[in-house]
Amino acid sequence: MLAHGFPERLEELRPQVLEFAGSMVRADLPRHGAMVGHYAEKILTWLLAQGREDSDARSLALTLAGGFADDGLSSNTAELLSPVLPMLLSQFPEIAWPLIGQQIVGETVAAWHLRHVVGETFSGHGQTSDPPIMSLPLDTLFAWCGANPNEAPACMARMLPILAVGKSGEGGMVLHPLFRRLLDQFGDREDVLEAATASIHTFGWTGSLTDYYAQYRRPLESLGDHPVARVARWADRTVRQLDQEIERARSREDERRAQSEI
């Protein structure tokens, strides 16, 4: 509150801001209220906004990236710090991503939590807003995939949104352009396609499940003539699986309606 409306007051508190950030990433914080996260975001993004030419901003970026990459970072702390990720990844990729990118492809519980914070891990949510990983410069993101072909592309397939809202006139959902680019470059890898399938079937949703599954049909059908034959076969197979899920969901819904009318 000291700096509310007067962020310049933080100039004299730079050492305390850096100490605050270091304490946060080392602590096992309890669940926090919305205002705690709000003020933490305001303070940390203020210093990051000073840019990569600012030594304190670079120090903060390194502290935060190291915290996210630490196996000991608690899920509560990661959630509290998550609002600063877009600025951290977009403004300091050369500092943040070597640490976070190395951690995120691991098989640990911490890596799973980090993928949840950085990426789109539940289909059906956030389809109209970008997960933090999409704040990373695209050249950095795809260079990371190229340098780590056995881990990164499949990991990316789990974190990127598969669908996006179509432009005016297109109607409904379309394939997200970044997911399409991932398939164009790495769709010949079975682990990437398996990860995409898992992403489709890992979701949060309210309403009819037929609507959830149906939204994928037309975007996936557009891959029928994809130049990578494995992608085209995967899309065709996935559409058939979706049709089966739609039919099962419709049958369950019809059964529930019939029971409610008894």
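Q: How much space lies in the second largest pocket, and which residues are the closest to its centre?
A: In this predicted model, the second largest pocket holds about 260 Å³ of space. Its lining is made up of 13 residues, and those closest to the centre are A3, H4, Y39, K42 and I43. By residue class, the lining of this pocket divides into nine nonpolar, three polar and one charged.

Q: How many of the residues of helix α9 are buried, and what does that say about the helix?
A: A residue counts as buried when its relative accessible area is under 20%. In helix α9, which spans residues 152-159, seven of the eight residues are buried, and the helix is therefore largely enclosed by the rest of the structure. The buried residues are A152, P153, A154, C155, M156, A157 and M159, and what covers them includes α6 (93-104), α7 (109-118), α8 (138-147), α10 (177-186) and α11 (190-200).

Q: Which residues should I look at in the largest nonpolar core?
A: In soluble globular proteins, nonpolar side chains tend to be buried together. Here the largest nonpolar core has 53 residues, among which L44, L64, F68, W97, I100, V118 and W144 touch the most other members. A second, separate core has 21 residues, including L175, L193, Y216 and V228.

Q: What does I100 contact, once its neighbours within four places in sequence are left aside?
A: With those neighbours left aside, I100 is in contact with A65, F68, A69, L85, L88, L89, L114 and V118.

Q: Is V118 buried or exposed, and where does it lie?
A: V118 lies in helix α7, and because its relative accessibility is 0%, V118 counts as buried. Not counting residues up to four places away in sequence, V118 touches L85, W97, I100, I104, P131, P132, I133 and M159; of these, M159 is also one of the buried residues of α9.

Q: How should I read the protein as a whole, starting with how many helices and strands there are?
A: The protein has 14 helices and two strands, and its C-alpha atoms fill a box of roughly 65 × 50 × 40 Å along the principal axes. Buried residues make up 45% of its 262 residues, while the accessible surface comes to about 13400 Å², with 52% of that surface belonging to carbon and sulfur atoms. Among contacts with a separation of 6 or more, 67% are between residues 24 or more positions apart.

Key
Residues are numbered from 1 along each chain as its sequence is written. This is a predicted model: local features need pLDDT of at least 70, side-chain atom pairs count only at pLDDT 80 or more; totals for chains, interfaces and linings use all residues. Side-chain values use heavy atoms; hydrogens and water are left out. On a 1 Å grid over the protein atoms alone, a cavity is a set of points where a 1.4 Å probe fits but cannot get out, and a pocket is an open set with protein on both sides within 12 Å along at least five of seven lines; lining residues have an atom within 4 Å of a point. Grid points are joined across faces, edges and corners, and a volume is the space filled by probe spheres set on the points. Ala, Val, Leu, Ile, Met, Phe, Trp, Tyr, Cys and Pro count as nonpolar, Asp, Glu, Lys and Arg as charged, and the others, Gly among them, as polar. Buried means under 20% relative accessible area, exposed over 50%, partly exposed in between (1.4 Å probe, protein chains only). Helices (H or I, at least four residues) and strands (E, at least two) are DSSP runs, numbered from the N terminus. Contact means heavy atoms within 4.5 Å. A nonpolar core is a set of buried Ala, Val, Leu, Ile, Met, Phe, Trp, Tyr and Cys residues joined through side-chain atoms within 4.5 Å. Accessible areas come from the Shrake-Rupley method with a 1.4 Å probe; for residues, only the protein chains shown count as cover.
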